[in-house]
Amino acid sequence: MGTKITPYNKDKTSKKEQVAKMFDAIASRYDFLNHFLSLGIDIVWRKIAVREIAKVNPKMILDIATGTGDLAIEASRLNPTQVIGVDISNNMLDVGREKMKRKSLDKLIDMQYGDSEDLSFEDNTFDAVTAGFGVRNFENLDKGLSEMCRVMKVGGKLAILEPAEPTIFPFKQFYGLYFKVILPLLGKLFSKDNSAYTYLPESVAAFPSRNAFIKELEKAGFKEPKFKALTFGIAALYTATK
Ligand SMILES: C[S@@+](CC[C@H](N)C(=O)[O-])C[C@H]1O[C@@H](n2cnc3c(N)ncnc32)[C@H](O)[C@@H]1O
């Protein structure tokens, strides 16, 4: 896999600590920035991911790297018994917990501190496991994916959303301009964290290619991994079973 991309290049702490620090710093503005900078398309992507896990009628759902819980909220529409969201950023979780209370979803959606690379759940616990725009931030991708597989039931469904670099004209060119020039500028302006929105395109570029990621999923123990390009290739949906 490529060079390790971290949010704060000069920082000597682990990628995990830096990622948690970065999301802690932008937590209060994350939801606004997310929808604003993606022009609202992220909402549609989460719906598409949830449509995939709906196929197994999941009762127990785990949302990894849940952040402020938007994917967990979308998944809660499937009438599950429980949705658990885990994240390593306490500030993101706090924003999420407030949101769950406001929406009266705090009983259904449990927002817990937890590291994807060392999950506290028993083997074969969840009917579906989701991760929205989080996997690329893992310090150890292999370990994170293996843990996600371990806690998923046989016959369960995995759905992972990730931003991607489009390869076709003119989206490739537009992506280059937007993600590498405009977005870091807007992100810096609104988030007050200089690193957050330069880390975004860098981490997307360093993420394994479609085929390499499919292989990572197989290596982690998932079966029938599939890829779907969303919105001209600016996002990717990976699904798999176990
Ligand atoms: C871009 S946010 C995505 C939040 C949410 N899933 C969404 O769709 O908006 C990525 C999240 O991944 C979390 N994260 C990164 N590494 C993690 C890990 N090893 N375990 C759990 N969460 C992690 C970060 O703290 C951050 O909240």
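Author: A note on terms before we start: Ala, Val, Leu, Ile, Met, Phe, Trp, Tyr, Cys and Pro count as nonpolar, Asp, Glu, Lys and Arg as charged, and the others, Gly among them, as polar. The model is a predicted one.

Reader: Fine. How do the residues of the shell around the ligand divide, then?

Author: Into 10 nonpolar, nine polar and five charged. The ligand is surrounded by 24 residues, and the closest are Ala65, Gly67, Ser89, Gly132 and Gly134. Two or more residues of the shell come from each of α1 (15-37), α3 (70-75) and β2 (82-87).

Reader: Which element gives the largest share of that shell?

Author: Helix α1, with five residues.

Reader: Back up to the whole chain. How many helices and strands are there?

Author: Eight helices and seven strands.

Reader: And what is the strand order in the sheet?

Author: The sheet is open, has seven strands and runs β3-β2-β1-β4-β5-β7-β6, with mixed pairing. Its edge strands are β3 and β6 (223-230), each of which pairs on one side only. From one strand to the next the twist averages 15°.

Reader: Which helix lies across β2 and β3?

Author: That is α4, and it runs at about 165° to β3.

Reader: What about α5, which strands does it lie across?

Author: Helix α5 lies across β1, β4 and β5, and its angle to β5 is about 145°.

Reader: Which residues of α5 are buried?

Author: In α5 (residues 141-151), the buried ones are Leu141, Gly144, Leu145, Glu147, Met148, Cys149 and Val151. An α-helix has 3.6 residues a turn, so residues three or four places apart point the same way.

Reader: What do the buried residues of α5 pack against?

Author: They pack against β1 (60-64), β4, β5 and α8 (210-219).

Reader: Is Ser104 buried or exposed?

Author: Exposed, because Ser104 has 8 C-beta neighbours inside 10 Å, and a residue with 12 or fewer counts as exposed.

Reader: And Asn124, where is that found?

Author: In the loop between β3 and β4 (126-132). Phi of Asn124 is also positive, near 55°, in a residue other than glycine. Asn124 counts as partly exposed because it has 14 C-beta neighbours inside 10 Å.

Reader: Last topic, overall dimensions. How does the radius of gyration of the chain stand against a compact globule?

Author: It agrees: a compact globule of 242 residues would have a radius of gyration near 18 Å, and the chain has 17 Å. The C-alpha trace spans about 45 × 40 × 35 Å along its principal axes.

Reader: What share of the residues count as buried?

Author: Of the 242 residues, 44%.

Reader: And what share of the contacts join residues at least 24 apart?

Author: The figure is 69%, taken among contacts between residues at least 6 apart in sequence.

Key:
Residues numbered from 1 in each chain as written. Predicted model: local features only at pLDDT ≥ 70, side-chain atom pairs only at ≥ 80, totals over all residues. Buried ≥ 20, exposed ≤ 12 C-beta atoms within 10 Å, placed from the backbone. Helix = DSSP H or I, 4+ residues; strand = E, 2+ residues; numbered from the N terminus. Contact = placed C-beta atoms within 7 Å. Near = placed C-beta within 6 Å. Pairing = 2+ DSSP bridges. Axes fitted to C-alpha atoms, helices over the stretch in contact; angles between N-to-C directions. Rg over C-alpha atoms; globule rule 2.2 N^0.38 Å.
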